[in-house]
Amino acid sequence: QSLGYPVNDNIMELLLMLDALKRASAGRITAVIPYFAYARQDRKDQPRVPISARLLADLITTAGAQRLIVVDLHSPQIQGFFNIPVDNLYALNVLAEHVDKRVQGDRVVVSPDAGGVERARLLANKLGCGIAIIYKRRPEPNVAEVLDIVGEVKGKKAIIVDDIIDTAGTVSAATNLLLSKGATAVFVVATHGVFSGPAIERLTKAPIEEVIVTNTLDLEDKKFEKLKVVSIASLVGEAIKRAHEGTSISSLFA
């Protein structure tokens, strides 16, 4: 049960299913949640705000989940909100395989902010290329100001990698900045294509070659010409199989 739009309806549906299974004396209950909602609200960044990710973790556990399988949590620390095993799978291997075939020549992986440097480094290692970092600030939620780039992008195909594309404000501004600094083409790669608000319009108008995301969310009503959806069914399926058989899932995190 992915927790995409309508988010609260899907959360309630998940909780009711968990409760029904618990009351039916299920031997083991594993919740598979490819996209974990409210993951960006994992701390109090200002007074009088909730820690929504922690609240959702408590609800899922209380409803009856005994194990959780998720994909690319926005903040890996969210695993600590649970008192049950949490398997946080990484879609990077699946995405890297597609990107390696699609983007040929001199490449550079670009992190859209300082927090995504580790993700960019992992993808760059798999592709055998360098990285660059975009410096930005957020004056308010869902509003990003792209200021500068650290790293060499001139004459290279830039691959912006992130975990979530929400309103696409960051990637749109980053694309224009990269091209102004001499990048020959820009590709955008992300695990979760939320595509809220003006995202599709921004991505369509921006000079982006291709937007590559996984199918952690239902994108049937959000398709556009530049979009390429990569399936992670085999990754999640293997995790479910190993969890059911009681074998190690560690190799899926590599």
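Which residues of strand 4 point one way, and which the other way? In the predicted model considered here, Arg107, Val109 and Ser111 point to one side of strand 4, while Val108 and Val110 point to the other, and all of these residues are buried. Strand 4, which spans residues 107-111, therefore has five of its five residues buried and is largely enclosed by the rest of the structure. Its pairing was also examined: strand 4 is joined by four bridges to strand 7, which comprises residues 157-165, and the two strands run parallel. Within this pairing, Val109 of strand 4 has Ile159 of strand 7 as its bridge partner, and Val109 belongs to the set that points the same way as Arg107 and Ser111.

At the level of the whole chain, the protein contains seven helices and ten strands. Its radius of gyration is 19 Å, close to the 18 Å that the globule rule gives for 254 residues, so the protein is as compact as a globular protein of that length. Taken along the principal axes, the box filled by the C-alpha atoms is roughly 60 × 40 × 30 Å. Of the 254 residues in the protein, 47% are buried, and among the contacts with a separation of 6 or more, 59% are accounted for by residues 24 or more positions apart.

The surface and the charged side chains were then considered. The accessible surface of the protein amounts to about 12,700 Å², and carbon and sulfur atoms contribute 51% of this area. There are 30 positive and 29 negative side chains in the protein, and the centres of these two sets are separated by 3 Å.

Two further positions, Lys126 and Pro198, are both partly exposed. Although Lys126 and Ala96 are 30 residues apart in sequence, their C-alpha atoms are 6.9 Å apart in space. Pro198, by contrast, is placed in the loop between strand 8 (185-193) and helix 6 (199-205), and its relative accessibility of 35% falls between those cut-offs, so Pro198 is likewise partly exposed. For Pro198 and Leu179, a sequence separation of 19 residues accompanies a C-alpha to C-alpha distance of 22 Å.

Terms used: Residues numbered from 1 in each chain as written. Predicted model: local features only at pLDDT ≥ 70, side-chain atom pairs only at ≥ 80, totals over all residues. Heavy atoms only, no water. Rg over C-alpha atoms; globule rule 2.2 N^0.38 Å. Buried < 20%, exposed > 50% of the residue type's maximum accessible area, 1.4 Å probe, protein only. Contact = heavy atoms within 4.5 Å. Areas by Shrake-Rupley, 256 points an atom, 1.4 Å probe, with all protein chains shown as cover. Lys, Arg positive; Asp, Glu negative; His and termini not counted. Charge placed at Lys NZ, Arg CZ, Asp CG, Glu CD. Pairing = 2+ DSSP bridges.
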